[in-house]
Amino acid sequence: MEKSQLEQYLSGGVENIMKGMRKTFLTNPKSAVFFMKYAQAAGAAAEKRRAAKQNGEHIPPFLIASITSQCNLRCKGCYAWANHTCGGGTKQDGLRAEQWDDIFCQAEDMGVSFILLAGGEPLMRPDVLKMAGRRKNILFPVFTNGTMIIKEILSGSRNAEPDSGEPQTGSEDVDTYLQMFMDNRNLLPVLSIEGDRQMTDTRRGAGIYDCLIQTMEELKARNILYGVSITVTKENMEEVTADVFLQKLSLLGCKAVIYVEYVPVDRDTVNLAPDDKDRTFMAARLDILRETQRNMLLISFPGDERASGGCLAAGWGFFHINAKGGAEPCPFSPYSDTSLQDISLREAMNSPLFSRLRENGNLAETHKGGCVLFEQEQTVKEYLKGI
């Protein structure tokens, strides 16, 4: 899929989702009003980016913001836990909500249309989510493990230890999250799932699959637009790209599926990472699914970005902001020479590290999969030494 084709597919996919929700809009005027207004705002944001490009400035269309390093689960093979950028508990960390709001404001002024909220578990920062909800001109996909949206789905979760692998909830009454998503249509929950019950519970903990299914049912009942995120490994690739799996998600109201190739956290899990043969299968399978599952938006990383001209990190298509405000090329390349506590978002987009990665062609390098910069870790460290 060429870059222009990918852009057309993404635009067309959003339009197909909107068409599929017309009946929903008849009984849910809040969604109808929001998406009509957002379409206008997205068009205005694109004009800002085009104007900036004419002046020699590149503005990426989206950002990734890890608004917390805390998480209520400890999933097997979690890159953030292995990299010590994620921890258990409910302690507030990093930037204050007001600082995140200022970043969102700057992004809106520059023409950024999407900000992916991640963590840790982003629902552990309801104060930041409330700030994001006020920025109606930006769409905020919220990448969540889904265990905190509905109250008391998992018994005993409030007393679990951070390192036990069992889910915890934050101090916020979790029923309020359903209401938050209902009141703020620009906050789109993206639930993490690994496939069937066995696959999901093996990685994320007993009872998580059933929790996710119930959460999906509640989101559908309230006409809340949502998607899922799937970490693709050799073990689950065929299952999560099967018609029966996607049809079940569709019946549960899911409108988008984001496939993310597994990045090994250590030598013991390298065998789980997709190889070239697997990626060829994945690309061919997605071409078919995009024709047969037209009511869903299907995206693959890094597959789609590799097919569209290379890695989109380091400000080319996006960059990552960690919980403390550090500007990083991407979540899988957690290195920074710039903090948004010290400089503006516009300045961070052209940090010395980002500029070097773009100018030296590192983003276009071939790689075995998962993340091009993850495989160039030593090179990134060398660049930092010279800055």
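Hi everyone. Let me start with residue classes: Ala, Val, Leu, Ile, Met, Phe, Trp, Tyr, Cys and Pro count as nonpolar, Asp, Glu, Lys and Arg as charged, and the others, Gly among them, as polar. What we have here is a predicted model, where local features need pLDDT of at least 70 and side-chain atom pairs count only at pLDDT 80 or more, while totals for chains, interfaces and linings use all residues. Residues are numbered from 1 along each chain as its sequence is written, and side-chain values use heavy atoms, with hydrogens and water left out.

With those classes in hand, let's visit the second largest pocket. Its lining has 3 nonpolar, 6 polar and 4 charged residues. A pocket here is an open set of points on a 1 Å grid over the protein atoms alone, where a 1.4 Å probe fits, with protein on both sides within 12 Å along at least five of seven lines; lining residues have an atom within 4 Å of a point. The space in this pocket comes to about 290 Å³, a volume being the space filled by probe spheres set on the points, which are joined across faces, edges and corners. Of the 13 lining residues, Lys76, Arg203, Thr233, Glu235 and Leu272 lie nearest the centre.

Which helix gives the most to that lining? Helix H8, residues 197–204, does, with 3 residues. Helices (H or I, at least four residues) and strands (E, at least two) are DSSP runs, numbered from the N terminus.

So let's stay with H8 for a moment. After the helix comes Gly205, with a positive phi near 125 degrees. Within H8, Thr200, Asp201, Arg203 and Arg204 are buried, where buried means under 20% relative accessible area, exposed over 50%, and partly exposed in between (1.4 Å probe, protein chains only). The cover over these buried residues includes S4, helix H9 (208–221) and strand S5 (227–232).

Now for salt bridges, meaning a side-chain nitrogen of Lys or Arg within 4 Å of a carboxyl oxygen of Asp or Glu. There are 16 in the structure. One of them joins Glu194 and Arg204, at 2.7 Å from N to O. That pair bridges distant parts of the chain, with Glu194 in the loop between strand S4 (187–192) and H8, and Arg204 in H8, 10 residues apart. Are these two buried or exposed? Both Glu194 and Arg204 are buried.

Another salt bridge pairs Asp101 with Arg135, with the closest N and O atoms 3.3 Å apart. Here the partners are 34 residues apart, Asp101 in helix H5 (residues 97–110) and Arg135 in the loop between helix H6 (126–133) and strand S3 (140–144). Asp101 counts as buried because its relative accessibility is 18%. Glu108 joins Asp101 and Arg135 in a network of salt bridges. Not counting residues up to four places away in sequence, Arg135 touches Asp101, Phe104, Cys105, Glu108, Phe140 and Asn186, contact meaning heavy atoms within 4.5 Å.

Finally, some backbone geometry. Most residues other than glycine have a negative phi, and most peptide bonds are trans. Gly119 and Gly120, however, are joined by a cis peptide bond, with omega about 15 degrees. Asn223 has a positive phi near 55 degrees and sits in the loop between H9 and S5.
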